[in-house]
Amino acid sequence: MTDQAAAISAETFRRFQQGDEDAAVQIVTAYHRRLLGYLCVQTGNQEAADDLAQEVFLAAYQQRHAIRNEKALKAWLFTVASRKAARSLRRNPPIQLVEHDDSRGDLVASAPDGASPPWVSLHNTQADEQVRQALEALPPVDRDLVMLRYFGELSIKELADALDMPMGTVGVKLGRALAKMKTHLEKQGISLGDLLA
Amino acid sequence: MSETERDDPGPQDEQMDDLLRRFARETSEAQGDAHGDFAARMRTRLREQSRRPPGQKGQVAETKCASARRRRISPLLLAAAALVLVAAVSFLMLRRSGPAGTLRHQVGTVTVEGSLEGGDLRLTTAAAGRCLYGLDGERIALFLNEDSSLVIASPGEIQLDRGEVWITVRPKSGPFAVQTAEARIDVIGTVFSVRLASPGTTVMVESGRVSVQNGCGIVGVEAGQAARVPNRALEPVIEIVENPAVPDWAWELYNGATGANQERYYPSSHK
């Protein structure tokens with residue numbers, strides 16, 4: 001994948017483990033966009049994503065000696081992010097958007113029951129929004145699997161290690177999750193070809 | 001995908017695979033604009049972190065009150081704390097109105113999410129946004145500064161997640177508490193105002209009394225005093241505050257909400 005986060009060299013990771021601040025910042029620079037993207041979609045909240053991403057990087061720095069090597073770093077970051085996002089959602093489940101009406105000076109509910117989830121405000125393109133809705137339709141476990149795969153760019157083996165599942169199970173689950181998303185999109189009358197165009 | 005994926009079974013559906021890759025890439029690239037200074041902020045936080053003892057597995061410096069106490073008595077820390085403490089006053093008697101919560105005045109971009117009836121209402125101000133929010137028939141007034149975010153869990157409790165809020169509570173009101181990452185502040189006395197700033201929490205009392213507590217200790221803070229809690233591992237430190245003054249931004253919100261046109265508010269003139 002051409003857009004994957006820049007790999008961290010063994011030397012950078014060694015300096016990171018020794019507490020080198022510049023090396024830690026290199027790691028932040030390499031992974032923060034992907035991590036923020038992942039957390040943003042998972043939590044539906046830019047602020048929460050920012051806070052959680054900071055927590056993840058600080059946790060990595062605090063526990064840097066527990067991270068095996070540079071190859072394990074990415075999976076470590078996204079696994080911790082996944083746990084923190086799940087914990088955050090348990091504490092602060094997505095809430096309904098309310099807009100402020102300047103002319104009245106009070107609050108006006110704008111999102112009726114069944115309206116789009118909070119992350120709808122984050123969408124950039126219509127295609128992205130369709131994908132988001134298909135992701136939302138997945139069970140949480142499947143959604144996290146897909147998110148870790150594509151945002152974290154984790155391999156099947158890394159996913160299997162992170163989720164404590166056999167590689168075969170991960171492959172099957174991932175395939176089923178993608179099939180569910182595809183079915184969801186097709187039911188909406190959305191062509192994958194059009195989305196990719 | 002990474003090199004380790006050469007042995008992957010591969011995507012069962014190439015179109016879905018392409019679609020999700022693009023979605024992840026575009027969403028992630030957009031984070032550069034949405035969180036433009038993230039790396040710079042992380043550098044600052046990492047620098048703070050690197051000054052602490054190296055974090056071995058299971059050894060997290062923030063949870064060790066012993067080391068925190070050593071930091072508490074540092075003259076440098078106290079001096080830094082003194083610089084960031086500002087005064088606060090109680091200056092608001094907004095007219096009582098009906099709803100449990102009302103956005104009385106805003107400047108710039110303010111986002112209101114959720115509802116009090118739903119259990120949680122989040123107020124967030126953008127970089128150039130501020131607002132005045134009246135709570136519980138406006139017995140409580142929240143002045144939220146720029147780039148701040150809080151959650152109103154109930155009319156008697158808020159949680160400050162980021163930034164700064166000044167709070168005024170009318171005398172003889174019911175219980176009211178503020179929760180931050182570092183501490184919990186409970187109203188004990190009558191009228192009071194607090195200033196919270198994150199990271200780290202600073203509480204200043206203009207009149208009345210509040211308690212400030214976290215896992216390491218609890219202190220009572222009287223009028224004219226401030227308590228600073230740099231993080232959860234440090235006991236709250238009491239300091240004396242001289243010449244308390246309401247910041248201009250809060251005063252402008254007050255004037256905007258009430259139609260008043262006073263240039264400055266002086267605590268001694270407020271009864």
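Let's start with A:R14, which is partly exposed because its relative accessible area is 38%, a value between the 20% and 50% cut-offs. Keep in mind that you're looking at a predicted model. A:R14 sits in helix 1 of chain A. Along the sequence, A:R14 and A:E70 are 56 residues apart, yet in space their C-alpha atoms are 8.3 Å apart.

Now for the rest of that helix. Helix 1 of chain A covers residues 10-17, and A:T12, A:F13 and A:F16 are buried in it. Looking down the axis of helix 1, you'd find its buried residues within an arc of 95 degrees, so they line one face of the helix. In general, an α-helix has 3.6 residues a turn, so residues three or four places apart point the same way.

And what covers the buried residues of helix 1 of chain A? The cover includes these helices of chain A:

| Helix of chain A | Residues |
|---|---|
| Helix 2 | residues 21-43 |
| Helix 3 | residues 46-62 |
| Helix 4 | residues 70-91 |

After helix 1 of chain A comes A:G19, which has a positive phi, near 95 degrees.

Is A:D142 buried or exposed? A:D142 counts as buried because its relative accessibility is 9%, and buried means under 20%. Setting aside neighbours within four places in sequence, A:D142 is in contact with A:A177 and A:K180.

Key. Residues are numbered from 1 along each chain as its sequence is written. Chains are lettered from A and ligands numbered from 1 in the order in which they are written. This is a predicted model: local features need pLDDT of at least 70, side-chain atom pairs count only at pLDDT 80 or more; totals for chains, interfaces and linings use all residues. Side-chain values use heavy atoms; hydrogens and water are left out. Buried means under 20% relative accessible area, exposed over 50%, partly exposed in between (1.4 Å probe, protein chains only). Helices (H or I, at least four residues) and strands (E, at least two) are DSSP runs, numbered from the N terminus. The arc is that of the directions from the helix axis to the C-beta atoms. Contact means heavy atoms within 4.5 Å.
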